[in-house]
Amino acid sequence: MTWLIFLALAIFSVCIIQLQEGRSRRLQEDCRQLQQNLQLWQDKLRNKESHIDHLQRDFAQLLKWKERASELEEELKRVKQTPNYASAQRLQFLEDYIANSQKNPHVIFLGTFSSLGRHAFEDELRRMLENAKFEIVIVSPWIKRQTWNRMNGPLRKFSRGGGKLRVFMRGSESDYSLGLSDNLQEEISDLGGEVVLVAKLHAKIYMVDRREAIVTSANLTKGGTEANYEGGIWVNDPAVLHEICEFVEDIYQIGAR
């Protein structure tokens with residue numbers, strides 16, 4: 001009977017040992033799996049850290065490029081607003097004008113309504129503004145915001161390119177109160193432009209880069225561009241443009257007092 005008890009204890013001990021060995025193998029397998037998972041996550045973490053490092057370097061480079069772009073934009077503005085740049089552009093224009101004088105017209109008549117079979121004033125003005133490189137001069141006693149906003153696209157593009165914008169208006173409070181014109185000084189200043197107020201102003205001139213201009217009866221208002229019967233001429237004759245520039249400078253001196 002005693003030997004049966006010993007045999008049972010021996011069998012029980014063997015079972016316990018086998019159970020413990022099985023647990024030990026499972027623990028070892030689990031440990032290996034955990035180590036593999038840990039290694040995998042460490043590799044992913046290193047990849048993420050490397051990616052973040054690349055992003056940080058790229059971001060730092062972008063900041064440098066943005067800063068440099070701002071510097072170049074400011075430099076371009078300074079260059080475009082210097083007399084030397086304007087003189088060089090005018091000399092180039094004169095050379096082109098002489099070369100093409102037999103091909104292109106010097107003067108075109110403009111009317112308010114394109115439906116009349118003539119060139120439309122607003123269409124020609126928009127074309128000029130879209131092609132402007134370094135200077136836009138707008139001489140219009142009355143300007144309404146709604147009409148100005150239709151020109152805002154090419155004017156904003158021109159401003160970003162560093163061009164010089166000068167706008168001559170009457171700037172009369174009575175004109176504003178009667179709704180004949182709007183006070184656009186803030187909008188023009190936002191474009192980096194200069195507003196020149198001339199009390200007795202009646203001329204309407206739109207000039208771009210001192211190489212082409214519109215002289216017209218039309219203000220930059222709905223009436224001038226849509227409702228009224230307005231007429232004028234587009235001109236690119238250098239002699240006439242020289243006189244227009246002198247006239248603009250004269251009224252600038254009056255408005256700047």
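Colleague: On what basis are the values computed?
Modeller: This is a predicted model, in which local features need pLDDT of at least 70 and side-chain atom pairs count only at pLDDT 80 or more, whereas totals for chains, interfaces and linings use all residues. Residues are numbered from 1 along each chain as its sequence is written, and side-chain values use heavy atoms, with hydrogens and water left out.

Colleague: How many helices and strands does the protein have?
Modeller: Helices (H or I, at least four residues) and strands (E, at least two) are DSSP runs, numbered from the N terminus. Here there are 9 helices and 8 strands.

Colleague: What percentage of the residues count as buried?
Modeller: Buried means under 20% relative accessible area, exposed over 50%, and partly exposed in between (1.4 Å probe, protein chains only). Of the 257 residues, 32% are buried.

Colleague: Which residues of helix α5 are buried?
Modeller: In α5 (residues 152-160) they are Pro154, Leu155, Phe158 and Ser159. These residues lie on the same side of α5 because they cover an arc of only 140 degrees around the axis, the arc being that of the directions from the helix axis to the C-beta atoms. Lys157 and Arg160 are exposed on the other side. Just after α5, Gly162 has a positive phi of about 90 degrees.

Colleague: What does the salt bridge between Arg127 and Glu212 tie together?
Modeller: The two side chains meet at 2.5 Å, N to O. Arg127 lies in helix α3 and Glu212 in strand β7 (residues 212-216), so the pair ties together parts that are 85 residues apart in sequence. Glu212 is buried, at 9% relative accessibility, whereas Arg127 is partly exposed, at 30%.

Colleague: Which residues do shared partners join into one network?
Modeller: Salt bridges with shared partners link Glu135, Arg166, Arg210 and Glu249. Glu135 is located in strand β3 (residues 135-139) and is buried, with a relative accessible area of 3%.

Notes
Salt bridge = Lys/Arg side-chain N within 4 Å of Asp/Glu carboxyl O.
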